[in-house]
Amino acid sequence: MAPAKKRNVSSAKTTEQSIKTAKIDLNTKVERILESRKNANDVFDILEFLQSAKEKDVVNAVNACCKLFCTLLEKKELFLGKLPGEEEALSGGYSAEEKYRMFMRHRYNSCVEMLLEHLSHELHGVKESALCCLMKFAAGEGRHPLEDLDWSEHYSFPRELIQAVVKRLLSQTTDNSLLISRFQEFLEMEDVRYYVMSSIRENVGKVMEKNKGALVPVYQNNVFTLMSNISVPSQESQLTNFMVQQEAKHDDWKVAKLNEHKRVFERMWLGFLKYKLPSNMYKKILVILHDSILPHMSKPTLMIDFLTAAYEVGGAISLLALNGLFVLIHQHNLDYPDFYKKLYNLLEPSVFHVKYRARFFHLANLFLSSSHLPVYLVAAFAKRLARLALTAPPTALLIVLPFIYNLIRRHPSCRVLIHKPSTEDEPLEDPYLMDEEDPAQCRALESSLWEIKTLQKHYHPDVAKTAMSINTPLSEKEDDINEVLEITTYELMERDLKQSQTKSVPLEFETATQLLRGGANVLGQHFCLD
């Protein structure tokens, strides 16, 4: 076995040495090319390494290409303007200087194409290196444009290169979440973010039209991952970090204006949301919609159609749509007919078991906080919650009971639900219609909250204690339900188990010390008498 180990060690050393040698050779070739144009053909050797099967060879080649072409961009040794074909460049009447620039420009284009292909490489290290190199090329092209700008063109930015990068990131077959997270640092630059948003909108339109609006789950997930990493500054004064500075023309540049960023951001999201989405993606979007999308849109009301459609879906998706609707109703005067009727119908047994229970009750509390709501509506919500409470878990009951109490506090007219006089001739059936979808027709005001009286005998002491509160006049101060919104069954059990035990009660002020001794003397005397 010993010789085998030696061979493994020696082979590992050989591999390491070969990598170092390859790296040294690549760096040497880069220096040779930059020192003398006679060595220009060495660039083919560097490009050949980009196609190596070994990850480290490819990464080293990427770094070498990055150093070489970034330097050539800075020195302006790449051909500017419309690039002639290689055969035309050789046969045409161009000077040696122009031929060299054309030759290196063609090699640069080949390098960019290979790096774009590497964004789909199976190894993440290669993809990451290629992405970083391409973004350095973008920065270099921004500072030293390769296009011969006409007088009518005001601004220089490598739009085509950014579009090509975005196209590769938004793969239809490969999940690029990890690579997109690496790309996020470049989205902090205002101009990059602006043109990435434009590129996403164009790409989504082309791909989805090509697929005739059908679901493309992997692609749509990549698009959502990239878009959800984009956030627009809240003030125009914060637009300071640019990859390409436009110098004197900066103030007239669309990219330097916050309203333009919001407009492009809005068009990007609307263009994505108009197509059919996977059901799990609806949830992801609705979770971030109210705080990561709506505030950055120039016209948030354009999201009304999407939100109302999501609200009509039912289940967890409807619960999540409440957040966005809340923002539009309170901040943008959205008039949503039958909103409370829909909210009333969302109250089902499943609402106590969904992941977004806390968010739902928080929002429902806000929507029902107005004192101008009609009494029949508030009574309907209180009665429906009370009926659902009969089969709810303890964690949900600790939310529902204070919730009902708060409704009664806000609307004193609802006290009839807990102080309803009865007669001997009155039927024992509850007039409340649980299956009625319209809260105005459910006859809640004709009923009572007998369910809370039933819960006073609940097996969980905290629930029973909370239910007993209705036996005494409710205080004017509302209960803070935020403290119990996130409570779990595990936390409830842990809290009960960790309750401090009752201390032992002292039975006598002074501890008896002569009791046993006195008993022994009595016994001795007893035996003597016998």
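The following dialogue asks how terms are applied to one predicted model.

Student: What should I know about the model and its numbering?
Tutor: This is a predicted model in which local features need pLDDT of at least 70 and side-chain atom pairs count only at pLDDT 80 or more, while totals for chains, interfaces and linings use all residues. Residues are numbered from 1 along each chain as its sequence is written, and side-chain values use heavy atoms, with hydrogens and water left out.

Student: How many helices and strands does the protein chain have?
Tutor: The protein chain has 22 helices and zero strands. Helices (H or I, at least four residues) and strands (E, at least two) are DSSP runs, numbered from the N terminus.

Student: What makes a residue buried or exposed?
Tutor: Buried means under 20% relative accessible area, exposed means over 50%, and partly exposed lies in between, with a 1.4 Å probe and protein chains only. Of the 530 residues of the protein chain, 46% count as buried. The accessible surface of the chain is about 29,700 Å², and 52% of it belongs to carbon and sulfur atoms. These areas come from the Shrake-Rupley method with a 1.4 Å probe; for residues, only the protein chains shown count as cover.

Student: Are Cys132 and Cys133 buried or exposed?
Tutor: Cys132 has a relative accessible area of 18% and is therefore buried. Cys133, at 2%, is buried too.

Student: How do you know that Arg101 and Glu97 form a salt bridge?
Tutor: A salt bridge is a side-chain nitrogen of Lys or Arg within 4 Å of a carboxyl oxygen of Asp or Glu. The N to O distance between Arg101 and Glu97 is 2.8 Å, and their side chains meet in a salt bridge. The two residues are four apart in helix α5 (residues 96-118), so about one helical turn separates them. Arg101 is partly exposed at 23%, and Glu97 is partly exposed at 31%.

Student: What is the N to O distance for Glu185 and Arg182?
Tutor: The distance is 2.2 Å, and the two side chains meet in a salt bridge. Relative accessibility is 42% for Glu185, which counts as partly exposed, and 24% for Arg182, which also counts as partly exposed. By the same rule the count comes to 16 salt bridges.

Student: Which parts does the pair Lys383 and Glu451 tie together?
Tutor: Lys383 forms a salt bridge with Glu451, the closest N and O atoms being 2.6 Å apart. Lys383 lies in helix α17 and Glu451 in helix α19, so the pair ties together parts that are 68 residues apart in sequence. Lys383 is buried at 0% relative accessibility, and Glu451 is buried with a relative accessible area of 0%. Lys383, Arg387, Asp430 and Glu451 are linked in a network of salt bridges.

Student: Which residues have the most contacts inside the largest nonpolar core?
Tutor: They are Phe137, Ile200 and Phe272, in a core of 166 residues. A nonpolar core is a set of buried Ala, Val, Leu, Ile, Met, Phe, Trp, Tyr and Cys residues joined through side-chain atoms within 4.5 Å.

Student: Where does Arg443 lie?
Tutor: Arg443 lies in the loop between α18 (394-410) and α19 (450-455). Phi of Arg443 is also positive, near 60°, and Arg443 is partly exposed at 39%.
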